[in-house]
Amino acid sequence: MSTTIRSIDCLQLRLPFHHGAPAPLFAGRPRTTLDSGLVRIELDNGLVGWGESYGAELDALSAIFRGRVAPLATGRDATDPALMASLERTLHNMGRSGPVLHALSGLDIAIWDLKAKIAGVPLHVLLGGARRTRLPAYASLLQYYGDTALVARNVERALAAGFEQVKLHEKTPEAVAAARAVMGPDTPLMVDANCAWTADEAGEVVTRMAAFDLHWIEEPLWPPEDIEALRALRVRTGVPTAAGENASSVHELSLAARARAIDYLQPSAIKSGGVTTLLRLSRECAGSAVHCAPQSAFFGPGLLATLHVLAAQEDEVHVERLFCDLGFTPYGDTVPCIDGAFQLTDRPGLGADPEPALLDSGFVRRI
Ligand SMILES: [Mg+2]
């Protein structure tokens, strides 16, 4: 049966969410939905594969798919090992990051979903086989802007939901103290600063946070590309660092992994090259001091792809799970997060397709 790509579509997913506080800011605007592109590839043999692309600006992503990616990839063999590299090379003049790379990331995930469906196996089998099928997650709280009461209340909720680790998106030692007071001394606590500080500013605030025993400090510095400053901060404070979600390509991430500046490398499946990127970095980090701990603040096929890579990875790290309520929880019945952990299915490919109820909801737009 032909494995030629018949069609490629990018559906715009905008998932409403609630995190128990007013909408947090994202890229200068209040954020009320979590947005990504659902990538659907259909083959001539009727098989359908699903991927996910980062969708900070979905109309830009759709334009890249419609105008560039779909015309180049349609008619190609989905099982051709050279396919993704050839697309990347053809499009390289459009930039090595941003919506082009995000589109290729979603395409890569859908291609891996198809490869595993064609082989009739769960994706992790193609990645070396699962070392575990239960994947513990950490609760990744959204921003409460230093409101210590809201931080404490939501940390309490996360622990009650069964999560073994908690990450804050906060920037004050007081917020970290509030979380630690609720958690007790033994539960790992991480802080994601979203590039809050210059190198000059970071030393003092991270040192104050360190008093509350941080498992890692994530993206403390602006700009995130300043790996030298990150290494210096790590030495000065002794706090393990995490970074990588804003790196532009697998090559930048690979260099960062070797720079002795990052303890937890965080490639994003939907931003930085899909399963191929995660797999390469997972293997490069194996046996080294660097843990491959992908960023996964999303809920579609990119999250499932991340689960499969981490299932096959020797080094067990917790999966990032945004701690919020969704208008619709993708894979809520098929691959749910229960008691702070995901359980992979035995079904071929990613293990589940997006639900018809999601695709027919008002949260998905076909354009
Ligand atoms: Mg982050």
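Welcome: we start at Ala-297, which counts as partly exposed because its relative accessibility is 25% (buried means under 20% relative accessible area, exposed over 50%, partly exposed in between, with a 1.4 Å probe and protein chains only). The model is predicted, so local features need pLDDT of at least 70 and side-chain atom pairs count only at pLDDT 80 or more, while totals for chains, interfaces and linings use all residues. Residues are numbered from 1 along each chain as its sequence is written, and side-chain values use heavy atoms, leaving out hydrogens and water.

**Around Ala-297**
- Ala-297 sits in the loop between β12 (291-292) and α11 (301-312); helices (H or I, at least four residues) and strands (E, at least two) are DSSP runs, numbered from the N terminus.
- Leaving aside residues up to four places away in sequence, Ala-297 touches Glu-320 and Leu-322, where contact means heavy atoms within 4.5 Å.

**The magnesium ion**
- Asp-192 (OD), Glu-218 (OE) and Glu-245 (OE) are the protein donors, lying 2.0 to 2.1 Å from the magnesium ion.
- Donors are N, O and S atoms within 2.8 Å of the metal (3.2 Å for Na, K and Ca); water is not among the atoms, so sites may look incomplete.
- Asp-192 is buried, with a relative accessible area of 1%, and Glu-218 is buried at 0%.

**Helices α5 and α6**
- Helix α5 (residues 148-160) packs against helix α6 (residues 173-183) at an angle of about 35°, with their axes 9 Å apart.
- Axes are lines fitted to C-alpha atoms, for helices over the stretch in contact, and angles run from 0 to 180 degrees between N-to-C directions.
- Residues making the contact include Val-151 and Leu-159 of α5 and Ala-178 and Met-183 of α6.
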